[in-house]
Amino acid sequence: RTGLSLSSMTRHAESSEFLAAAKTEAARAVEHRKKVLEHVGAEAFTVDDFHKEEPGDWKHTTGRSDVTPAELQLGKRCHGAHVETLSADITPAGSHYLLIHFDVPLIDPSAYRLKIHGLVDKEVSLSLADIKRRKAQTASVLMACAGNGRMGLTERFTSHVPWGPDAFGCADWTGCSLAELLQEVGVKDGAAQVIFTGADKGVEWNTVDYFRRSLTVEQAMTGHVMLCWQMNGADLLPCHGAPVRIIVPGWYGMASVKWLTSIEITSGGWWGTEMDVYCYRRSRLDPTPLPIEQLPVRAMMAPPGHPDFYSRTRLVAPGVVRVRGKVWAGAVDIDYVEFSSDGAKTWQRAEVGGKSGAFGWAAWHFDWDAKTEGLYVLSCRGVDAAGRTQDPLCDDQFNYTGAHIPGGREGTREDPRRTQRRIN
């Protein structure tokens, strides 16, 4: 296919169990995407439909620029990626997006214990040394926040981080297999749910709790979930979940619980605050909320040229400009990336490399001829091997918490002396 390179750039050897799990997750991701579009896709539900359901709503904005002081504070604590690092093979730890719901726990590694309990044959309490002695592997994993691009909504949920399109990162994570650990402790008959508890505690949606998430036993035993203690070859930083965190490759970041202290296997039925928060909803009281799970396809570009400090307007010299970026789709392979320089009116195929791993990203580039002076609106979009496409930004698009919004467009302006690029 034109513009598609089948060359591999896999960064690390991944086990056969991990690769088999990726195939399973790819199929799950395709089915999940269908459910998302049926529930809150642009053709299924709009902001006008929401107002009919909740005519008295006051928890959403009426424009893209009316950021509240509380949102500004959250935006300072929970930063997005530095998008220029899209030109690197991996995202540096300091440039990887961070969502910290409560406080950063400062845990003494020498005193750390992870309790595995519930419906298991043998309950254990593991030290960091115990965990590190297990068979380890390193995997390149793309992670993104479920609210990535929330600022793209005209009516934005104000009780969460006002993300632009930059809530992402692709790092090398080192750890051991959760499935192998659960096999060793023995999961009892009747077990249905695995609950992960972090050390961070606070208030969300009027409930006091530790940050807790769950997977089904089937999901947890698939073979891709990892207990990680290193990021990019170094011990985890406190802000990234030290000493140990869960990484759930191919899922949005809320599933990858930081500062992990407990893994409890139960018969099911638990539904905590962070399970309730992270759902696609038509309204706050949506009777059929859809839990957020696997990532869709997404292409992004690194900003070409040089930025103005305040406005972030980009300056590039007239002529041929190599525009670079990354594309990801969870466990699903990439088909192609398209680039546009005329506000998404026409598209051209970009050159795409291989994925950095089963759950990683792929590099792409396009040589854009910016020889004519004027205003340019640059866009990119990805399509994966399952036929999933990247959502265009739509003013009518809406879901209650602003989960998975494509984000803003990017434009380039050229005058006789220089070419400028800005984010609109």
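My entries on backbone and strands follow.

I worked on a predicted model, where local features need pLDDT of at least 70, side-chain atom pairs count only at pLDDT 80 or more, and totals for chains, interfaces and linings use all residues. Residues are numbered from 1 along each chain as its sequence is written, and side-chain values use heavy atoms, with hydrogens and water left out.

Backbone first. I found a cis peptide bond from Ala242 to Pro243, omega near 5°. Pro243 sits in the loop between β8 (234-235) and β9 (245-247); strands here are DSSP runs (E, at least two residues), numbered from the N terminus.

Next I looked up positive phi. Most residues other than glycine have a negative phi. Asn232, not a glycine, has a phi of about 55°, and I placed Asn232 in the loop between β7 (226-231) and β8. Trp259 has a phi near 50°, in the loop between β9 and β10 (260-266).

Buried or exposed, what about Trp259? Trp259 is buried, at 1% relative accessibility, while Asn232 is partly exposed at 25%. Buried means under 20% relative accessible area, exposed over 50%, partly exposed in between (1.4 Å probe, protein chains only).

Then the sheet. I read an open sheet of 4 strands, antiparallel, in the order β13-β16-β20-β19; two strands pair if DSSP finds at least two bridges between them. β13 (298-301) and β19 (351-355) are the edges, each with a single partner strand, so one side of each has no neighbour in the sheet.

Inside it, I noted 9 bridges joining β16 (320-328) to the antiparallel β20 (361-369). Arg324 has His365 in β20 as its bridge partner.
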